[in-house]
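I opened a new structure today and kept notes as I went. Here is what I looked up.

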Amino acid sequence: MPHIVHVLPRTDWQKFKQQGEYHPESLAEQGFVHCSKLGQIVVVADCNYADNSELILLLLHESKIEVPVQYETNGDDGGSAFPHVYGPLKLEYVVEALPFEQDRTGFRLPEKLLNDALTASTSE
């Protein structure tokens with residue numbers, strides 16, 4: 001089952017559950033929602049969310065997403081391609097929502113997802 005992930009503040013997750021859709025600022029400003037593969041999200045979170053301890057990690061079922069999902073790099077540096085969702089996220093895409101916690105060394109994948117990430121990284 002192909003999964004991608006999205007990180008959001010706990011307060012945004014509460015609103016998402018009430019409204020049924022999530023429209024982050026990046027959707028209005030860049031036209032897409034930033035997502036990651038399981039093997040990418042820890043580095044992304046460490047770089048972008050180090051000062052935020054109230055995060056939720058959404059596990060999304062990629063094949064249920066009804067809008068285009070494109071894997072794109074951040075320029076000409078030859079880096080990893082990240083999944084960009086070209087439309088709002090909907091609750092029916094969410095397989096699971098987990099607290100995304102960090103320790104003194106940075107963010108850690110929830111134990112439940114760790115095996116999935118290890119399996120995905122060996123198959124790429």
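**Notebook: helices, sheet and salt bridges**

I began with helix H3, residues 41–48, which lies across S1, S4 and S8 and runs at about 50° to S8. I note here that the model is predicted. Next I looked up helix H1, residues 10–19. Helix H1 also lies across S1, S4 and S8, running at about 110° to S1.

**The sheet under the helices**

I then asked in what order the strands of the open sheet come. The order is S1-S4-S8, three strands with antiparallel pairing. S1 and S8 (94–100) are the edge strands, and each pairs on one side only.

I reminded myself how pairing works. Strands of a sheet pair through backbone hydrogen bonds, either parallel or antiparallel.

I went on to S4, residues 55–61. S4 and S8 pair in the antiparallel sense over six bridges. I picked out Ile56, which stands opposite Pro99 in S8.

I turned to His3, in strand S1 (residues 3–9). Is His3 buried or exposed? Its relative accessible area is 19%. Buried means under 20%, so His3 counts as buried. I listed its contacts, leaving aside neighbours within four places in sequence: Leu59, Leu60, His61 and Val95.

**The salt bridges**

How many salt bridges does the structure hold? I found three.

I took Glu54 and Arg10 to start with. Their side chains meet in a salt bridge at 2.9 Å, N to O. Glu54 lies in the loop between H3 and S4 and Arg10 in helix H1, so the pair ties together parts 44 residues apart in sequence. Glu54 is partly exposed at 43% relative accessibility. Arg10 is partly exposed at 31%.

Then I checked Glu66 and Lys90. They form a salt bridge, with the closest N and O atoms 3.2 Å apart. Glu66 sits in the loop between S4 and strand S5 (69–72), and Lys90 in strand S7 (residues 89–90). This pair links distant parts of the chain, 24 residues apart. I looked up how open each partner is. Glu66 is exposed, at 55% relative accessibility. Lys90 is partly exposed, with a relative accessible area of 22%.

I ended with Arg108 and Asp103. Their side chains meet in a salt bridge at 3.3 Å, N to O. Arg108 counts as partly exposed at 44% relative accessibility. Asp103 is partly exposed, with 38% relative accessible area.

Notes: Residues are numbered from 1 along each chain as its sequence is written. This is a predicted model: local features need pLDDT of at least 70, side-chain atom pairs count only at pLDDT 80 or more; totals for chains, interfaces and linings use all residues. Side-chain values use heavy atoms; hydrogens and water are left out. Helices (H or I, at least four residues) and strands (E, at least two) are DSSP runs, numbered from the N terminus. Buried means under 20% relative accessible area, exposed over 50%, partly exposed in between (1.4 Å probe, protein chains only). Contact means heavy atoms within 4.5 Å. Two strands pair if DSSP finds at least two bridges between them. Axes are lines fitted to C-alpha atoms, for helices over the stretch in contact, and angles run from 0 to 180 degrees between N-to-C directions. A salt bridge is a side-chain nitrogen of Lys or Arg within 4 Å of a carboxyl oxygen of Asp or Glu.
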